[in-house]
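Student: I have a chain open on my screen and would like to work through some of its details. Can we take them one at a time?

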Amino acid sequence: MLMSKLKLGFVGLGIMGAPMAGHLVNAGHEVFIHTRSKVPEELIKSTAIVCESPAAVASKADIIITMVPDTPDVEKVLFGDNGIASGLSKGKIVIDMSSISPIATKEIAKKINALGCEYLDAPVSGGQLGAKGATLTIMVGGNQATFDHVKPIFELMGKNITLVGDNGAGQITKVANQIIVALNIEAVAEALVFAAKAGADPAKVREALMGGFASSKILEVHGDRMIKRTFDPGFRIELHQKDLNLALSSAKAIGVSLPNTATAQELFNSCSAHGGRAWDHSAMVRALEKMANFEIGQKS
């Protein structure tokens, strides 16, 4: 439990960042916020203090959190014009909860450390539902003392919170997470397309499989989405494509082959080519349905 009111900053108030910042506000902290788009109404109505730039957030807060889409976005809000770095003073803590390049993260950490500040990479898993419900899994890279200091803040946003290793380890773990999620989506999609075209009721097949060794969170949540055709995000395909790009480029850099990750990315690419960049990532099934000339739910 946090014993005192803290001065916290939050930059990036999208579908994940807005509810995450809201939990910090609701816990009674003084929260300074900034986003490149419109500040969500619920935060405007709250006690959060809107700032004109990331630098202004950093100058007012002692702990600053970023939650933006990709590596260039993090670099811009940290080191661009009126970026966070220009508002930092010694002893402050920067926490990046975005999902970005592990290699870039290590360089970013060095730059923040050179300013006399601590840096944690703390990407999350759990999507919009996890952000809203404060049940995110948080994977952290950084030093133990800094992690221990800010863990009560993480506990306002998530449940499964792990210090994995030094800076970059959090992002490495998130990339691994996204590989597993993508390949599980692909497996569930293949199974349900096969079962449906073979003449079985996919809803009943899913129900049966939920009681066996094939059971998984993906089968439970995304299998249901595939059957009910509910592809509003969720977690957008274009964001998962970004994460798999990180996986494939990082793997190339270290000499690791990820053949099934590459296949999953090609299926996402197919969805994107058919106008699906903003579909939920469970809609990967649509790429397989195109190849099968069959859609789950139609008569076989």
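Student: Which residue in E9 is the bridge partner of Thr137?

Tutor: This is a predicted model, and in it strand E8 covers residues 136-141. E8 pairs with strand E9, residues 158-165, in the parallel sense over 6 bridges. Within E9, Thr137 has as its bridge partner Asn160.

Student: In which sense do E7 and E8 run, parallel or antiparallel, and which residue of E8 is the bridge partner of Val124?

Tutor: Strand E7 spans residues 124-125 and is joined to E8 by 2 bridges, the two strands running antiparallel. For Val124, the bridge partner in E8 is Ile138.

Student: How many residues of E8 are buried?

Tutor: A residue counts as buried under 20% relative accessible area. E8 has 6 residues and is mostly covered. The number of them that are buried is 5.

Student: Why does Gln171 count as buried, and with which residues is Gln171 in contact?

Tutor: Gln171 lies in helix H8, residues 169-197. Gln171 counts as buried because its relative accessibility is 0%. Leaving aside neighbours within four places in sequence, the contacts of Gln171 are Asp96, Ser98, Ser99, Ile100, Pro102, Thr105, Asp121 and Pro123.

Student: H8 also packs against H9. Why do H8 and H9 count as oblique to each other?

Tutor: The axes of H8 and helix H9 (residues 202-209) are 9 Å apart, at an angle of about 130°. Roughly perpendicular ends at 115 degrees, and roughly antiparallel starts over 145. The angle of about 130° falls between those limits, so the term for H8 and H9 is oblique.

Student: Which hand has the crossing of H8 and H9, and how many charged residues are in the contact?

Tutor: H8 passes H9 in a right-handed crossing. From H8 the contact takes Leu192, Ala195 and Ala196, and from H9 it takes Pro202, Val205 and Arg206. By class, the contact has 5 nonpolar residues and no polar ones, and the number of charged residues is 1.

Student: How do the residues divide by class in the contact of H8 with H11?

Tutor: H8 and H11 pack with their axes 9 Å apart at about 115°, and the crossing is left-handed. H8 contributes Lys174, Val175, Gln178, Ile179, Val181 and Ala182, while H11 contributes His240, Asp243, Leu244, Leu246 and Ala247. The division is 7 nonpolar, 2 polar and 2 charged.

Student: Where is Gly234, and what is omega for the peptide bond from Pro233 to Gly234?

Tutor: Gly234 sits in the loop between helix H10 (217-228) and helix H11 (237-254). The peptide bond from Pro233 to Gly234 is cis, and its omega is near 10°.

Notes
Residues numbered from 1 in each chain as written. Predicted model: local features only at pLDDT ≥ 70, side-chain atom pairs only at ≥ 80, totals over all residues. Heavy atoms only, no water. Helix = DSSP H or I, 4+ residues; strand = E, 2+ residues; numbered from the N terminus. Buried < 20%, exposed > 50% of the residue type's maximum accessible area, 1.4 Å probe, protein only. Contact = heavy atoms within 4.5 Å. Axes fitted to C-alpha atoms, helices over the stretch in contact; angles between N-to-C directions. Parallel < 35°, antiparallel > 145°, perpendicular 65-115°, else oblique. Left-handed = near helix turned anticlockwise from the far one by under 90°. Nonpolar A, V, L, I, M, F, W, Y, C, P; charged D, E, K, R; others polar. Pairing = 2+ DSSP bridges.
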